[in-house]
Amino acid sequence: MSNNIDFQEPEEELFEHYRFDVPKGQALLRIDKYLMLMVPNATRNKIQNAASNGDIYVNDVPVKSNYKVKPLDVIRILLAHPPFENRVDPEDIPLDIVYEDDALLLINKPPNFVVHPGHGNYTGTLVNALAFHFENLPLNSSERPGLVHRIDKDTSGLLVVAKTEAAMTHLAKQFEDKTSEREYIALVWGNVKEDEGTITGNIARHLKDRMQMAVFSDPEIGKHAVTHYKVLERFGYVTLISCKLETGRTHQIRVHLKHIGHTLFNDERYGGNLILKGTTFTKYKQFIDNCFKTLPRQALHAKTLGFVHPTTGKYMLFDTKIPKDMADCIEKWRVYSKSIGTEEE
């Protein structure tokens, strides 16, 4: 790795989550034990992790978990997200539940629906809806109730939600061990030459645009990611493909496909909302504009999801239809591709 490139995340603004003014009579006590008594629902592991990450401050100086709390110390826990990001208010938002039992449920997520609260989206998320419809869902490692995995806001399709701690552990391990089955349908720019193939490349935060991910050839950078694809239908300037994930990284399909020159159709973040293939004729531009209006998001749908049921041990495979906005866009391309060469532009 080149010595003149810094691959570290930029320093982020920290937000105070808890503040404690230690009273005069406080006996000496390790700070991890002290905070376990003071912070609601805290575990020693979480407190120690916060200390290791430099998120616990005493008198404005970061301390380790073995620091001994003294009288009149001012203790603050600062984290990179606002304190209300992990607060989940129940909201009566309808859910399209494909399957449900005592251990889990399958949800068909519509596009333009954020999965969990985060920067700019603190309400109206799937997690807010889950909190309304279900009680005492288990927390994942990021303290998100019920979530085993996630898909992007504008990606539609299947999500599995755990209803018990045992189901959460079992399902999360399947995703980690790459034994779950996930198939996505994508419409991409360009004519994909090979009928099928595999994209392998580590994924990490883009060096210049921190809202994007990128593929790096250096094995020490990012996380290993593998996407298998297969061509379903060719429309000349765009191609309909199936993608199966071997790993599940942030924006994996989006960034892998862009890496091989086939950006998702109308994926604004990665430049797919521009005309990347085709002619310069006005009629064609109007056609693309109509396609963008029909499908005002990236053309990606999580169509199938398979896993072993955590209680019964049986393999379960679920499938959903491609949503109307994406299906209508595909049909426009199907008709257009047949007309190419038969009409004057």
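**Reading a helix, a core and a loop**

Modeller: Let us begin with the outward side: the face of α6 turned away from its buried side carries the exposed residues T282 and K293, where exposed means over 50% relative accessible area, buried under 20% and partly exposed in between, with a 1.4 Å probe and protein chains only. Helices (H or I, at least four residues) and strands (E, at least two) are DSSP runs, numbered from the N terminus. This is a predicted model, in which local features need pLDDT of at least 70 and side-chain atom pairs count only at pLDDT 80 or more, while totals for chains, interfaces and linings use all residues. Residues are numbered from 1 along each chain as its sequence is written, and side-chain values use heavy atoms, with hydrogens and water left out.

Colleague: Which residues of α6 are buried, and why do they lie on the same side?

Modeller: An α-helix has 3.6 residues a turn, so residues three or four places apart point the same way. In α6 the buried residues are Y284, F287, I288, C291 and F292. They cover an arc of only 140° around the axis, which puts them on the same side of α6; the arc is that of the directions from the helix axis to the C-beta atoms. Their cover includes β10 and α7 (324-339).

Colleague: How should I read the largest nonpolar core, and which residues have the most contacts inside it?

Modeller: A nonpolar core is a set of buried Ala, Val, Leu, Ile, Met, Phe, Trp, Tyr and Cys residues joined through side-chain atoms within 4.5 Å. The largest one here has 31 residues, and those with the most contacts inside it are L95, L126, L130, Y184, I241 and L257. Among the elements that each supply at least two residues of this core are β10 (181-189), β15 (238-245) and α5 (252-259), whereas α3 gives the most, with four residues. A second, separate core of 19 residues includes L187, F287, C291 and W333, and F287 and C291 are also among the buried residues of α6.

Colleague: Where is N191, and what is in contact with N191 beyond its neighbours within four places in sequence?

Modeller: Contact means heavy atoms within 4.5 Å. N191 sits in the loop between β10 and β11 (196-200) and, at 41% relative accessibility, counts as partly exposed. Beyond those neighbours, N191 is in contact with R234, G236, T239 and H262. Its side chain also makes a polar contact with the side chain of R234 (2.9 Å), a polar contact being a pair of N or O atoms within 3.5 Å, of which, within protein, one must be able to donate a hydrogen and the other to accept it, and residues adjacent in sequence count only if both atoms are side-chain atoms.
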